[in-house]
Amino acid sequence: MPDETPTPETTPRDVAVARAEIRDDEAKRVIGMLAAGELPSRAAQWVADGIDDDAARELAAATGRTEEERVGLLERLAAAQGLGFPTAREARAHHGQSVIASMTASSAAGDSLSFSNSFSDTIEESVRDSISRLFPRRKK
């Protein structure tokens with residue numbers, strides 16, 4: 001019999017947290033800043049949080065689907081939950097407020113250090129990849 005203990009990724013939280021995350025992701029979708037690759041795992045968490053919606057369940061199982069399909073499911077989920085934006089301007093305003101709130105949160109210093117480290121790691125990886133393509137190792 002499989003272990004039914006929730007994993008940290010799907011430990012239920014308050015449904016309001018899930019709704020706020022869906023709204024944030026919808027704002028990012030509208031303004032073109034959404035990382036669609038993370039949507040299935042995020043949707044699995046939203047379902048665990050109590051979001052009872054066909055689009056959320058479908059999105060949670062969408063790991064093999066295209067980015068466009070995942071984004072379309074998010075749009076459908078946000079609309080069904082009443083979390084959409086009537087205009088791109090309102091989505092930008094919401095996203096801006098979220099960014100400012102995250103910058104002034106008590107965890108902001110650690111968050112910015114983490115972001116900085118991940119950004120430097122990405123740049124380093126890109127530089128190493130470029131160098132290895134420009135100067136391939138010689139076979140002995």
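A: Let's begin with Glu-26 and Arg-29, both of which are buried. Buried here means under 20% relative accessible area, while exposed means over 50% and partly exposed lies in between, using a 1.4 Å probe and protein chains only. Keep in mind that this is a predicted model, where local features need pLDDT of at least 70 and side-chain atom pairs count only at pLDDT 80 or more, although totals for chains, interfaces and linings use all residues. Residues are numbered from 1 along each chain as its sequence is written, and side-chain values use heavy atoms, leaving out hydrogens and water.

The side chains of Glu-26 and Arg-29 form a salt bridge, at 2.7 Å from N to O. That term stands for a side-chain nitrogen of Lys or Arg within 4 Å of a carboxyl oxygen of Asp or Glu. Because they are three residues apart in helix 1, Glu-26 and Arg-29 are about one helical turn from each other. A helix is a DSSP run of H or I with at least four residues, a strand is a run of E with at least two, and numbering starts at the N terminus.

Helix 1 and helix 5 (88–103) each supply at least two residues of the lining of the largest pocket. A pocket is an open set of points on a 1 Å grid over the protein atoms alone where a 1.4 Å probe fits, with protein on both sides within 12 Å along at least five of seven lines, and lining residues have an atom within 4 Å of a point. The largest pocket has a volume of about 430 Å³, counted as the space filled by probe spheres set on the points, which are joined across faces, edges and corners. It is lined by 16 residues, and those closest to its centre are Asp-24, Asp-25, Lys-28, His-95 and Val-99. Helix 5 gives the most to this lining, with six residues. By type, the lining holds six nonpolar, four polar and six charged residues. Here Ala, Val, Leu, Ile, Met, Phe, Trp, Tyr, Cys and Pro are nonpolar, Asp, Glu, Lys and Arg are charged, and the others, including Gly, are polar.

Helix 2 spans residues 39–49, and its buried residues are Leu-39, Pro-40, Ala-43, Gln-45, Trp-46 and Asp-49. After helix 2 comes Gly-50, with a positive phi near 115°.

Glu-58 is partly exposed, with a relative accessible area of 30%, and Arg-65 is partly exposed at 29%. Arg-65 also forms a salt bridge with Glu-69, whose closest N and O atoms are 3.7 Å apart. Shared partners link Glu-58, Arg-65, Glu-69 and Arg-76 into one network of salt bridges.

Stepping back, the whole structure has 11 salt bridges. The chain has six helices and zero strands, and of its 140 residues, 24% count as buried.
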